[in-house]
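Please have the sequence and the coordinates at hand.

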Amino acid sequence: MIPYGKQTIEKDDVSTVGTALTDEYLTTGPRVREFEQKICEYVNSKFCVAVNSGTSALDIAVASLGLPPGSEIITTPFTFAASANCILYNNCKPVFADINPQTYNIDPEDVRKRITSKTKAIICVDYAGQPCDLDELKEIAEKHNLYLIEDAAHSLGAEYKGKKIGGIADITAFSFHPVKIITTGEGGAVTTNDEKLYQKMKLLRNHGIDKTPSERADYRYDMKILGRNYRITDFQCALGISQIMKIDRFIERRTEIANKYTKMLDGIQGIKTPYIKKNVRHAWHLYTILVKSIERDRFFGEMRNRGIGVNVHYIPVYKFTYYKQVFGGIRLPNVEEISSKIISLPIYPTLKDEELEKVVGSIKEIIGG
Ligand SMILES: *Cc1c(COP(=O)(O)O)cnc(C)c1O
């Protein structure tokens, strides 16, 4: 089966992790700081906190805002569950807004309509690796005194109007899960230019404790706030450092694959290829098409039968049993329409051209293009 996404691990990634395993510190050591500095340099942000998953990154991002219980946070349902779960972890209420039918990113106009006196933040998601309408969202956030958190699990390396994702929103959260742009196995990070939020997120990563063992003069330390254990290991950060040096090569190959797909699929009736905004660099975490001429689930089955690991990103978050029980039935028209037709095709740096041709050939067979 050709998977929809996959990590790229090369010889030097392996040797650098091997070396890190014999270091003095396996966790909370110098490689964590080094990885954080590399991320800051790459995305052009002042501060970074590396953690053990993208979900943890989102959790400490929301927790750092110190919002009163019951605060509303507007987000998209067209995402992985973590983008909304992080709101619930912090006793706040997710309010779902509809998506733009071209980019599948949260629609700023619909966000505006859902603002109440309880709204305190917006969490936007750069779907597939394409940055959201950040100027519009920032303008809304400023006008209504809201925080803007960007879930950039798909978009490390993406750019909005010439600026890297990671230095634009109040807090940006990244994931280093194996299918994402770079990997540390499991892992994540937050970036911010706000020193207060940074200090709070750093505390939240480690139980709210103010000093790591290496920072202590004696046995004394204090627990300032209720934190978590979201620490990432030094050997994971060794992998992260090695991976981030290769990121532009990874994204170039992803872009090449995306361009090939679009060129080969554009003429086929009943298929809609991705729309790309003029002012962005897309990171191409996902390459998704809309299947309009036949039923999506039939298309999905036919592709899987041919050994192609297509996937669906996403089942809307509000459709999950837990969300239905807590919030009742929600339906947003664009989310319903897009999520019923969308399919993710295989895209990752080591995908071979022959495999790409097999994917396209199979689509033509099934659709009859
Ligand atoms: C992968 C992902 C996450 C969560 O990241 P993990 O590292 O798996 O915890 C959050 N949001 C989105 C949009 C994702 O794709």
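A disulfide is a pair of cysteine sulfur atoms within 2.5 Å. The model discussed here is a predicted one, and a search of the whole structure finds zero disulfides. For Cys48, the closest cysteine sulfur is that of Cys40, at 5.0 Å, which is too far for a bond. Cys124 is likewise in no disulfide, the nearest cysteine sulfur being that of Cys132, 3.9 Å away. Cys48 counts as buried because its relative accessibility is 3%, and Cys124 counts as buried at 0%.

The backbone comes next. Most residues other than glycine have a negative phi, and most peptide bonds are trans. Thr28 is not a glycine, yet its phi is positive, about 55°. Thr28 sits in the loop between helix H1 (11-20) and helix H2 (30-43) and is partly exposed, with a relative accessible area of 24%. Trp284 also has a positive phi, near 50°; its place is the loop between strand S11 (280-281) and strand S12 (287-291). With 3% relative accessibility, Trp284 counts as buried. The peptide bond from His313 to Tyr314 is cis, with omega near 15°. Tyr314 belongs to the loop between helix H10 (296-305) and helix H11 (321-327).

Glu195 is located in helix H7 (residues 195-205), and its relative accessibility of 45% makes it partly exposed.

Definitions and conventions: Residues are numbered from 1 along each chain as its sequence is written. This is a predicted model: local features need pLDDT of at least 70, side-chain atom pairs count only at pLDDT 80 or more; totals for chains, interfaces and linings use all residues. Side-chain values use heavy atoms; hydrogens and water are left out. Helices (H or I, at least four residues) and strands (E, at least two) are DSSP runs, numbered from the N terminus. Buried means under 20% relative accessible area, exposed over 50%, partly exposed in between (1.4 Å probe, protein chains only).
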